Amino acid sequence: MDIIISNSSSDPIYLQIVNQIKTMIMSGELSPGDALPSMRNLAMQMRVSLITTKRAYEELERDGFIETYTGKGSFVKAQNPELLREENLRQIEKLLGEAVDKAQMSGVSNEEMKEILDMLFE
């Protein structure tokens, strides 16, 4: 599993881990039942604190992407299609929010934004 940490990202390290694992699960790169590296191994591979990987795994479990069994490890959880849709919508809203902010700074109107979106959908 390749996770790349960016020092220039405004996201904390644990969140970068969470987002990349979520992306791997949602894209099918990680399948239900696949084992994740232990928190300790991931921390050593990435040269980050064990607390950081623990926090990432806890968030992934809380969000329903993985399940952890004491003594066995953490595994990709079978995904509810509605959960995946909600996660995708959340990511789309974030990206569109960034696009709207940039459009407003550049003086692009709402109608122009709609035209751009319509062209991208074609």
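Glu 87 and Lys 22 form a salt bridge, with their closest N and O atoms 3.7 Å apart. That pair counts because a salt bridge needs a side-chain nitrogen of Lys or Arg within 4 Å of a carboxyl oxygen of Asp or Glu. Glu 87 sits in helix H4 (residues 81-106) and Lys 22 in helix H1, so the bridge ties together parts that are 65 residues apart in sequence. Note that this is a predicted model.

Are these two partners buried or exposed? Both Glu 87 and Lys 22 are buried. For Lys 22 the relative accessibility is 4%. The cut-off for buried is under 20%, so Lys 22 falls inside that class.

Lys 22 has another partner. Asp 63 forms a salt bridge with Lys 22, and here the closest N and O atoms are 2.9 Å apart. Where do the two residues lie? Asp 63 is in the loop between helix H3 (50-62) and strand S1 (66-69), while Lys 22 is in helix H1 (residues 13-27). This pair therefore ties together parts that are 41 residues apart in sequence.

Now follow Asp 63 onward. Its side chain also meets that of Arg 62 in a salt bridge, at 3.1 Å from N to O. Arg 62 has a relative accessibility of 61%. Exposed means over 50%, so Arg 62 counts as exposed. Lys 22, by contrast, counts as buried.

Salt bridges link Lys 22, Arg 62, Asp 63, Glu 87 and Arg 90 in a network. In the whole model, the count comes to 6 salt bridges.

Which residues form the negative surface patch? They are Glu 112, Glu 115, Asp 118 and Glu 122. Take Glu 112 as an example. Its place is in helix H5 (residues 110-121). With 39% relative accessibility, Glu 112 counts as partly exposed.

The surface has a nonpolar patch too. Ile 92, Leu 96, Leu 117 and Phe 121 form this patch, and together they have about 410 Å² of accessible area. Which elements give two or more residues to the nonpolar patch? They are H4 and H5. Ile 92 belongs to helix H4. Its relative accessible area is 43%, so Ile 92 is partly exposed.

Next, look at the rings. The structure holds 1 aromatic pair. The ring centres of Tyr 69 and Phe 75 lie 6.1 Å apart, and the planes meet at 50°, so the pair is tilted. Why tilted? Planes under 30 degrees apart count as stacked and those over 60 as edge-to-face, so the rest are tilted. Tyr 69 is partly exposed, at 40% relative accessibility. Phe 75 is partly exposed as well, at 21%.

Strand S2 (residues 73-76) holds Val 76. Is Val 76 buried or exposed? At 2% relative accessibility, Val 76 counts as buried. Val 76 and Asp 34 are 42 residues apart in sequence, yet their C-alpha atoms are 5.4 Å apart in space.

Other pairs can be read in this way. Met 26 is found in helix H1. With a relative accessible area of 23%, Met 26 is partly exposed. Met 26 and Lys 77 are 51 residues apart along the chain, and 11 Å separates their C-alpha atoms. Met 39 lies in helix H2 (residues 39-46). A relative accessible area of 26% makes Met 39 partly exposed. From Met 39 to Ile 51 there are 12 residues in sequence and 8.7 Å in space, C-alpha to C-alpha.

One last stop is the backbone. Most residues other than glycine have a negative phi. Arg 47 is not a glycine, although it has a positive phi of about 60°. Where does Arg 47 lie? Arg 47 is in the loop between H2 and H3. With a relative accessible area of 78%, Arg 47 is exposed.

Note on methods: Residues numbered from 1 in each chain as written. Predicted model: local features only at pLDDT ≥ 70, side-chain atom pairs only at ≥ 80, totals over all residues. Heavy atoms only, no water. Helix = DSSP H or I, 4+ residues; strand = E, 2+ residues; numbered from the N terminus. Buried < 20%, exposed > 50% of the residue type's maximum accessible area, 1.4 Å probe, protein only. Patch = residues over 30% accessible without salt bridge, like charges linked within 9 Å, V, L, I, M, F, W, Y side chains within 5 Å. Areas by Shrake-Rupley, 256 points an atom, 1.4 Å probe, with all protein chains shown as cover. Lys, Arg positive; Asp, Glu negative; His and termini not counted. Charge placed at Lys NZ, Arg CZ, Asp CG, Glu CD. Phe/Tyr/Trp six-rings, centres within 6.5 Å; stacked < 30°, edge-to-face > 60°.
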